[in-house]
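Biologist: I would like to go through the terms used for this model and the values behind them. Please show the structure before we start.

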Amino acid sequence: MAESAAQPGSDRHAKPIRSILVTQPKPANDVSPYSLLAEKYGIRVDFREFIDVQGVPYKEFRKDKVNILEHTAVIFTSRNAVDHFFRICQEAKLEMPAEMKYFCISEQTANYLQKYIVLRKRKLFVGLRTAADLFEVIKKHKGEKFLYPCSDIRKDDLPEFMRANNLKFTEAVIYRTVASDLSDLAEVKYDCLAFFSPSGISSLFVNFPDFTQDGTRIAAFGPTTAKAVRDANLILDIEAPMPNAPSMTGAIEAYIRQHAAQSGILTGKDKSASH
């Protein structure tokens, strides 16, 4: 991937952001926070998944000898986990018992779960947003035997918490995360790259091992993604969530406005409003 060129010795923040590559799928709804950001500041926003999710085949899953129905609770930390868990259940011809409990990392994941099953409130337990929030909920259900369906690449915090608290749990790898083929972006330049997982950073260097940042601004969502950016010796320009910017688009907009004001540059509708 070609970097956005910056003049040697110049302030890398002086050049306004005119193009952004979001390393996620394009939103299904045409009216999204990204489209509003693009319209407001006259920015080109493109979407491209940097990671590809591949389900573990049922025959391979069976080799791990995980008995789903031996468990009394399932922990979901992503929509991918929900999709592939129920794919495995369908291929195994398993129906979830009514008494099964579900622990979801967020309301978003919990709402997505209802794509597959009708939930009773007393069987659904939801964290506010982070894994730490969910841990507090899990602590109240120490008698359960938990199943944790996940990717081959996952954070260590949940398994470590379960072991530290002597909770019964089984980890089941049901999908894999691999780098997408981004070879068609080799000569494409963007002023800003927005990342949402350490896997996205890994994919960048798998595809472009000689990538140099130069004038490209890097945005990261979440502390583990931010750490991955720094570990890759990249400069992290935009970090979310922050108290004044809980979303990626909010953090990008705050950056645009801050540096436009500092350099005296007006962008998008701000420019038209000055006439």
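Biologist: How do you know that β7 and β8 pair, and over how many bridges?

Modeller: This is a predicted model, in which local features need pLDDT of at least 70, side-chain atom pairs count only at pLDDT 80 or more, and totals for chains, interfaces and linings use all residues. Residues are numbered from 1 along each chain as its sequence is written, and side-chain values use heavy atoms, without hydrogens and water. Two strands pair if DSSP finds at least two bridges between them. β7 and β8 are joined in the parallel sense by seven bridges, so they meet that rule.

Biologist: What makes β4 and β7 a pair?

Modeller: They have two bridges, in the parallel sense; the rule asks for at least two, so the pair counts. Val74 stands opposite Leu147 in β7.

Biologist: What is called a helix or a strand here?

Modeller: Both are DSSP runs, numbered from the N terminus: helices are H or I over at least four residues, strands are E over at least two. On that basis the protein chain has 10 helices and 11 strands.

Biologist: Why is β7 called largely enclosed?

Modeller: Buried means under 20% relative accessible area, exposed over 50%, and partly exposed in between (1.4 Å probe, protein chains only). Six of the seven residues of β7 are buried, so the rest of the structure largely encloses this strand. Across the 275 residues of the protein chain, 44% count as buried.

Biologist: Why are Phe86 and Tyr116 called stacked?

Modeller: Rings of Phe, Tyr and Trp (its six-membered ring) pair if their centres lie within 6.5 Å; planes under 30 degrees apart count as stacked, over 60 as edge-to-face and the rest as tilted. The centres of Phe86 and Tyr116 are 4.8 Å apart and the planes stand at 5 degrees, so this is a stacked pair. Phe86 sits in helix α3 (residues 79-91) and Tyr116 in the loop between α4 (107-113) and β6 (124-126), 30 residues apart.

Biologist: Which burial class does Phe86 fall in, and which Tyr116?

Modeller: Phe86 has a relative accessible area of 10%, so it is buried. Tyr116 is at 34%, so it counts as partly exposed.

Biologist: What kind of pair do Phe103 and Phe146 form?

Modeller: Their ring centres are 5.3 Å apart and their planes at 65 degrees, so the pair is edge-to-face. It links strand β5 (residues 101-104), where Phe103 lies, with strand β7 (residues 145-151), where Phe146 lies, 43 residues apart. Both residues are buried. The structure holds 12 aromatic pairs, and ring pairs join Phe76, Phe85, Phe86, Tyr102 and Tyr116 into a cluster.

Biologist: How do you know that Arg79 lies over the face of Tyr112?

Modeller: A charge sits over a ring if NZ of Lys or CZ of Arg is within 6 Å of the ring centre and within 35 degrees of the ring normal. Arg79 is at 5.2 Å from the ring centre of Tyr112 and lies over its face. Tyr112 is in helix α4 and has a relative accessible area of 18%, so it is buried. Contact means heavy atoms within 4.5 Å. Leaving aside residues up to four places away in sequence, Tyr112 touches Arg79, Val82 and Asp83.

Biologist: What makes a set of residues a nonpolar core, and how many residues has the largest nonpolar core?

Modeller: The term covers buried Ala, Val, Leu, Ile, Met, Phe, Trp, Tyr and Cys residues joined through side-chain atoms within 4.5 Å. The largest has 26 residues, and Phe76, Phe85, Tyr102 and Leu113 have the most contacts inside it. β4 (73-76), α3, β5, α4 and β8 (168-179) each supply at least two residues of this core, and α3 gives the most, with six. A second, separate core of 21 residues includes Tyr41, Ile43, Phe196 and Met248.

Biologist: Why are β2 and β11 said to stand at the edges?

Modeller: They belong to an open sheet of five strands in the order β2-β1-β9-β10-β11, with parallel pairing. β2 (44-47) and β11 (238-240) each have a single partner strand, so one side of each lacks a neighbour in the sheet. Strand β1 (residues 19-22) pairs with β2 in the parallel sense over four bridges, and Leu21 stands opposite Asp46 in β2.
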